[in-house]
Structure formats: structure tokens, C-alpha cells
Amino acid sequence: MSQARLDRWSNGRVALVGDAGYCPSPRSGQGTSMALVDAYVLVSQLADSHGDHRVAYAHYQQEMQG
Ligand SMILES: Cc1cc2nc3c(=O)[nH]c(=O)nc-3n(C[C@H](O)[C@H](O)[C@H](O)COP(=O)(O)OP(=O)(O)OC[C@H]3O[C@@H](n4cnc5c(N)ncnc54)[C@H](O)[C@@H]3O)c2cc1C
């Protein structure tokens, strides 16, 4: 069993959601829910930032990390 732990969840125009970016806990059983929440928050941030992916990706990671 392994867990992704990355300092940054994006690079350039590429952003990671779900297990590729992080894994809440390999034993929590919330991975599917969190992947869906990730996608929702990421799209919301892209809309709020009017498509500026640098701003959106930074806010996305901040929001998801609390
Ligand atoms: C045994 C087990 C039980 C689990 N039980 C639960 C549970 O009860 N509830 C829950 O919420 N979560 C559970 N999880 C966790 C949940 O499965 C994951 O957190 C969730 O699937 C993550 O979704 P994802 O889309 O990020 O990644 P994934 O579901 O892993 O999707 C990634 C996809 O990318 C594809 N892929 C990989 N490399 C490439 C490539 N190079 N090119 C193209 N495609 C590629 C893969 O084939 C895969 O289809 C469980 C996990 C495991 C292992």
C-alpha cells in the first residue's frame, strides 16, 4: 500500500485530483468522495478566477488542504 504526498498538486496547466494528488488515508474509505469534491472545487475555482489557472490551482490546493 502506498500514499501520494506531493508539495504541489499542479504544474503548469496540469492539475491533479483524487488519488494522483493525494490520498486522504489509505484506510479512510473516503477516496471516491474526495476525488469528486476535488473536481467540483477545481472547476469552481476556475470559474471564479475567470480561467486564470494559476490562481485557480493555488486556491484549489489551499481550499482542499484546509
Ligand atoms: C481495496 C480498495 C478499497 C477501497 N474502498 C473504498 C471505499 O469503500 N470508499 C471510497 O470512497 N474509496 C475507496 N477506495 C479508494 C478509492 O478507490 C480511490 O480513492 C478512488 O478510486 C480514487 O479515484 P481516482 O479517480 O483519483 O483514481 P482511480 O480510481 O485510481 O482512477 C485512475 C484511473 O487512471 C487510469 N490510468 C492510470 N495511468 C494511466 C495512464 N498513464 N493513462 C491513462 N489512464 C491511466 C487508471 O487505469 C484508472 O482508471 C478503495 C481503494 C481500494 C484500493
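Predicted model: local features only at pLDDT ≥ 70, side-chain atom pairs only at ≥ 80, totals over all residues.
A residue is called partly exposed when its relative accessible area falls between the 20% under which residues are buried and the 50% over which they are exposed.

**First stop: Gln 3.** Select Gln 3, which is placed in the segment before strand E1 (10-11). Its relative accessibility is 29%, so Gln 3 counts as partly exposed. Now display its surroundings. Beyond its neighbours within four places in sequence, Gln 3 is in contact with Cys 23, Pro 24, Ser 25 and Pro 26.

**Second stop: helix H1.** Select residues 31-48, which form helix H1. At 1.5 Å a residue, the 18 residues of H1 should span 26 Å, and because the end C-alpha atoms are 25 Å apart, the model agrees with that expectation. Which residues of H1 are buried? Colour Asp 38, Val 41, Leu 42 and Gln 45 to see them. These residues cover an arc of only 105 degrees around the axis, which means that they lie on the same side of H1. Turn the view to the other side of the helix, where Thr 32, Leu 36, Tyr 40, Val 43 and Ala 47 are exposed. To see what covers the buried residues of H1, show strand E2 (14-15) and helix H2 (53-65), which are included in that cover. Just after H1, select His 50, whose phi is positive, at about 55 degrees.

Setting aside residues up to four places away in sequence, Gln 61 touches Asp 7, Arg 8 and Trp 9.

**Last stop: the ligand.** Select the ligand and then the residues around it: Val 17, Gly 18, Asp 19, Gly 29, Gln 30, Gly 31 and Thr 32. A polar backbone atom of Asp 19 is 2.9 Å from an oxygen atom of the ligand. For Gly 31, a backbone N or O atom lies 3.4 Å from a ligand oxygen atom. For Thr 32, the distance from a backbone N or O atom to an oxygen atom of the ligand is 3.0 Å. Taken alone, the ligand exposes 990 Å², of which the protein buries 23%.

Conventions: Residues numbered from 1 in each chain as written. Heavy atoms only, no water. Helix = DSSP H or I, 4+ residues; strand = E, 2+ residues; numbered from the N terminus. Expected span 1.5 Å × (residues − 1). Buried < 20%, exposed > 50% of the residue type's maximum accessible area, 1.4 Å probe, protein only. Arc of directions from axis to C-beta. Contact = heavy atoms within 4.5 Å. Near = heavy atom within 4 Å. Polar contact = N/O pair within 3.5 Å; in protein donor to acceptor, adjacent residues only side chain to side chain. Areas by Shrake-Rupley, 256 points an atom, 1.4 Å probe, with all protein chains shown as cover.
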